[in-house]
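This report describes a single protein structure for a reader who is new to the subject. Please keep the sequence and the three-dimensional view at hand while reading.

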Amino acid sequence: MSNKKIKNTSRKYDAPQYAMKTAKRLFSQLKDQRFRLIAVAVSIVIYTVLNIVTPYYSAIVIDALKAVVDEAVVSGKFSLAWDPLGREMTILFVMYMIMACFYFFQSCLMASVAENLILKLRRQISNKLNKLPMRFFDRNKPGEILSRVTSDLDKVSETLQTGLLKLVVAIGTIIGSLSFMFYYSWILALIFLAFMAIAVIITKIISKKNLKCASERQEAIARLTGIAEEYYTGRDIIKAFNHEEESVGKVYKAVEEVRLATRDADFLTNAVNPAVRFLSRISQAVILLIAGYWMINGSMTIGVVQAYFQYLNMTAEPVTEASFMINSLQSALASAERTFEFLDDEEEVPDTSMPVNIDRAEGRIAFEHVSFGYTPEKLLMKDISFTANPGQKIAVVGATGAGKTTLINLLMRFYEVNGGRITIDGITSTDLTRKGLRKNFGMVLQDTWLFGGTIAENIAYGKPDATREEIVNAAKMAKVDYFIRTMPQGYDTVLENEAGNLSVGQR
Ligand SMILES: Nc1ncnc2c1ncn2[C@@H]1O[C@H](COP(=O)(O)OP(=O)(O)OP(=O)(O)O)[C@@H](O)[C@H]1O
Ligand SMILES: [Mg+2]
């Protein structure tokens, strides 16, 4: 049931389904860092408050400065006194310093909070991956599972660090600046609000379209990546069957789709800013006209006019960026939601709490009335029974797809039987832990997989504490000792690129 959800990541928009629930869960994961978060919150509050008061102070400074200049014009003597000009300027300077410090402080803290959270989630995912049944991997694409671990969490971290701060500061700034604007002149504030209301409506319309285009682009890129990956891996086959032209054609088509989708998405992203900025410029012109008139007839000081314009810009900027911030917040929540869905996915049946331990199995294996199917509706095996005695060499022969590998999958408990049981030395295999069971088996698969690392490490994969002598002996028995010695660093040759420099047989 929950498997289906993970598969269905191509929702119409990259928006969370349960935003509140996901946000709550994300914050519950931050509980262990609450002191840092409180420090971040305090820093943000101090920063925002100072950000709002500094223009007010700058109005005082400028008006005081203007008084000094006016006096100098009359008396012909220019003097800067500590009281009030020097003092107010120093206060303003200190405020700017404190703002910079708190901004720096909160950026450092938030980066560490976000990365700690991502570390925690990545660890949970890593644990989860080991607890998921094989069925899960049959049903989900590797690329999608990988993106849970990488890009989804990166998005969450990025948004936590920059987006969230911006949003909180923006909200605080808008409220604070508007208060000052109303305090200075409610008429100008209302004019400004009217223009901004139009801007918000435009932004809303564009950002809705933008979300759709962005998700179309995401899909187009995913398709292109899929094709490129497939063609890269299958390059021999493509050449052998003379399919070059056809595959190039398919890539061209995918690239073209990416171009179209990206063009639309980028256009819309970039269209918001000029549109909103244009409106905010018009509003500024109108306000300047009125404020200038008031300044000339003496009902508004020059300091207040410039402070007013600082507040205008401070308020207009977040409104311009609002759609971007909301989009990125939404898509980060959607990423977090996908991660949580993954973490909630059904796990394999837990090991028995009272496991029997077999140190060294004799090797009497029996299938008793086993039935099994990869999907419950379609049984592949019905009532299979046989016994393999210790020391017996047995070959299982059958048509392709008959179920030979499946026998091994069941024996190793990669999948659980639907009925009957499998016993090892008379003990039902579910009475052992998976670890205890698997340590009694050696297994060579149809398609070998070598890990990045030295040849010696790969040979010792099933027995990490094996001595060099044991490793060499094992290699001699498999008749590969000679060829390993011809490698540049012998047993210490590092295998890279999925052991592409070895023949399949050598692997
Ligand atoms: N992970 C899976 N999910 C669903 N069905 C599977 C899965 N693996 C195998 N099957 C199906 O189960 C049947 C048995 O597969 P199995 O791998 O056991 O065959 P086999 O006997 O090992 O064949 P071969 O000789 O080709 O290796 C096949 O019909 C196959 O399509
Ligand atoms: Mg097989």
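## A buried glycine and its surroundings

G176 is buried, because 20 other C-beta atoms lie within 10 Å and a residue counts as buried at 20 or more. The model discussed here is a predicted one. G176 has its place in helix α7. Residues up to four places away in sequence aside, G176 touches T48 and I52.

## Domains

The protein is divided into domain 1 (2-344), domain 2 (365-438) and domain 3 (453-499). Taken over C-alpha atoms, the centres of domain 1 and domain 3 are separated by 52 Å.

## The nonpolar cores

The largest nonpolar core has 23 residues, and those that touch the most other members are M181, L188, F192, Y308, Y311 and L312. At least two residues of this core come from each of the helices α3 (34-75), α7 (151-184), α8 (186-233), α10 (244-296) and α11 (302-344). Which helix gives the most to this core? It is α11, with eight residues.

Not counting residues up to four places away in sequence, L312 touches F192, Q284 and I287.

## The sheet

Four strands form an open sheet in the order β2-β1-β3-β4, and their pairing is antiparallel. The edge strands, β2 (381-388) and β4 (427-428), each pair on one side only.

Strand β1 (residues 365-372) is joined to β3 by five bridges, and these two strands run antiparallel. Within this pair, F367 has I422 in β3 as its bridge partner, and I365 stands opposite I424 in β3. Five bridges also link β1 and β2, again in the antiparallel sense. In that pairing, F372 stands opposite M381 in β2.

In a regular strand the side chains alternate between the two faces of the sheet.

## Two glycines in strand β3

G419 is found in strand β3 (residues 419-424), and G420 also has its place in strand β3. Are these two glycines buried, exposed or partly exposed? G419 is partly exposed, because 14 other C-beta atoms lie within 10 Å, a count between the limits of 12 or fewer for exposed and 20 or more for buried. G420 is likewise partly exposed, with 17 other C-beta atoms within 10 Å.

Leaving aside neighbours within four places in sequence, G419 is in contact with H369, V370 and S371. On the corresponding terms, G420 touches E368, H369, V370 and S371.

| Pair | Apart in sequence | C-alpha to C-alpha distance |
|---|---|---|
| G419 and E368 | 51 residues | 9.1 Å |
| G420 and F372 | 48 residues | 9.0 Å |

## Positive phi angles outside glycine

D383 is not a glycine, although its phi is positive, at about 50 degrees. D383 is found in strand β2. D383 counts as exposed, because it has 12 C-beta neighbours inside 10 Å and the limit for exposed is 12 or fewer.

K479 is another residue other than glycine with a positive phi, here near 60 degrees. Where does K479 lie? Its place is the loop between α15 (468-477) and α16 (481-486). K479 also counts as exposed, with 8 C-beta neighbours inside 10 Å.

The residues around ligand 1 are D138, Y374, L380, G398, T400, G401, A402, G403, K404, T405 and T406. By type, this shell divides into three nonpolar, six polar and two charged residues. Which helix gives the most to the shell around ligand 1? Helix α12 (residues 404-411) does, with three residues.

Key
Residues are numbered from 1 along each chain as its sequence is written. Chains are lettered from A and ligands numbered from 1 in the order in which they are written. This is a predicted model: local features need pLDDT of at least 70, side-chain atom pairs count only at pLDDT 80 or more; totals for chains, interfaces and linings use all residues. A residue is near a molecule or strand if its C-beta atom, placed from the backbone, lies within 6 Å of it. Ala, Val, Leu, Ile, Met, Phe, Trp, Tyr, Cys and Pro count as nonpolar, Asp, Glu, Lys and Arg as charged, and the others, Gly among them, as polar. Domain bounds come from an automatic or database domain assignment. Two residues are in contact if their C-beta atoms, placed from the backbone, lie within 7 Å. A nonpolar core is a set of buried Ala, Val, Leu, Ile, Met, Phe, Trp, Tyr and Cys residues joined through C-beta atoms within 7 Å. Two strands pair if DSSP finds at least two bridges between them.
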